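Hello,

Here is the structure I promised to pass on. Please have a look at it before reading my notes below.

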Amino acid sequence: MATNPNVVIIGGGLAGLAGAIHLSQKGLKVTLIEKSGYSRHKVCGEYISNEILPYLQWLGADVLQLQPAKINNFEFTTRSGKITKSELPLGGIGVSRYALDNFLYQKAIANGCNILKETVIDVTLADNTFTVAISNQVLHAKIVFGAYGKRSNIDQVFSRGFITKKSTWLAVKAHYSGSFNADIVALYNFKGGYCGISKVENNVINICYLADYASFKKYKNIDDYHHNVLYKDKHLK
Ligand SMILES: Cc1cc2nc3c(=O)[nH]c(=O)nc-3n(C[C@H](O)[C@H](O)[C@H](O)COP(=O)(O)OP(=O)(O)OC[C@H]3O[C@@H](n4cnc5c(N)ncnc54)[C@H](O)[C@@H]3O)c2cc1C
């Protein structure tokens, strides 16, 4: 059924959810449309700078409740394996997107936001009002907040030039158990890409790397790539 929100937000990632919480806190009637459900894993380094904690506190979303890893040190390696270590003046936290996105989603619901699990297929503007189309209804609003990330079907709808160009990067992320200092975020460079390592809540290690697609496609699968490329770096092995 059609509703008449003040604001429609397209996309319920971090930007869309933070926007929904913020605007509903200011008294606006918000409908957020997100095509995927919650909770869900997302390819991400899962390291968040402490810079954003005051804003999250203001939103009433105290992420420290999720018991994130507290991170104050940084390690960086060059491709040749040389390591540099440094303290992080501001520091950060490690929290999984599985936990964080769901936490913000729950907060948006508690604030009274209307959240639809749908894919937006078109957005048009006429007479100063946006019409947002989803599978079986349209919504009208004076303000539409496009928080649909980087390579959405909406970019195709708007014929954005970059969407026709293939990204040269491939990202892989997984959670592991094992020993890694909870106080460190590491960025290890390897031939063909770079890899972030840090802990998140529950002592879990998040490993997330970006690989140049040209270097990746020589191998048949992720395991082969790990054995033939990542494990050649002593730190990553
Ligand atoms: C490999 C990698 C590692 C990263 N690591 C870090 C890190 O460690 N720390 C950090 O701070 N940042 C990191 N980032 C960046 C961070 O992930 C992004 O800045 C952040 O996710 C952007 O949030 P967003 O809400 O703008 O977009 P997204 O998180 O991409 O959210 C967009 C949402 O829109 C939805 N959507 C898209 N199209 C539609 C549609 N038509 N209808 C309905 N819904 C739609 C999608 O399902 C998605 O949920 C990383 C990014 C990558 C790629």
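E11, strand E13 (193-199) and strand E14 (205-212) each put at least two residues into the lining of the second largest pocket. E11 is the main contributor there, with four residues. In total, 20 residues line this second largest pocket. Nearest its centre are Tyr176, Ile197, Ile207, Leu236 and Lys237. The second largest pocket holds about 380 Å³ of space. Its lining splits into 13 nonpolar, five polar and two charged residues. Please keep in mind that this is a predicted model.

Now the largest pocket. Its volume is about 970 Å³. The lining takes in 29 residues. Lys42, Tyr148, Gly149, Lys150 and Arg151 lie nearest the centre of the largest pocket. By class, twelve of its lining residues are nonpolar, nine are polar and eight are charged.

Which elements supply at least two residues each to the lining of the largest pocket? They are strand E2 (30-34), helix H4 (153-157) and strand E11 (169-176). E11 gives the most, with three residues.

A few values for the whole chain follow.

- Secondary structure: the chain has six helices and 14 strands.
- Extent: the C-alpha atoms fill a box of roughly 60 × 40 × 25 Å along the principal axes.
- Burial: of the 237 residues, 42% are buried.
- Contacts: among those with a separation of 6 or more, 62% join residues 24 or more positions apart.
- Surface: the accessible area is about 13,100 Å², and carbon and sulfur atoms account for 53% of that.

If you open the model, I would begin with E11.

Best wishes

Conventions. Residues are numbered from 1 along each chain as its sequence is written. This is a predicted model: local features need pLDDT of at least 70, side-chain atom pairs count only at pLDDT 80 or more; totals for chains, interfaces and linings use all residues. Side-chain values use heavy atoms; hydrogens and water are left out. On a 1 Å grid over the protein atoms alone, a cavity is a set of points where a 1.4 Å probe fits but cannot get out, and a pocket is an open set with protein on both sides within 12 Å along at least five of seven lines; lining residues have an atom within 4 Å of a point. Grid points are joined across faces, edges and corners, and a volume is the space filled by probe spheres set on the points. Ala, Val, Leu, Ile, Met, Phe, Trp, Tyr, Cys and Pro count as nonpolar, Asp, Glu, Lys and Arg as charged, and the others, Gly among them, as polar. Buried means under 20% relative accessible area, exposed over 50%, partly exposed in between (1.4 Å probe, protein chains only). Contact means heavy atoms within 4.5 Å. Accessible areas come from the Shrake-Rupley method with a 1.4 Å probe; for residues, only the protein chains shown count as cover.
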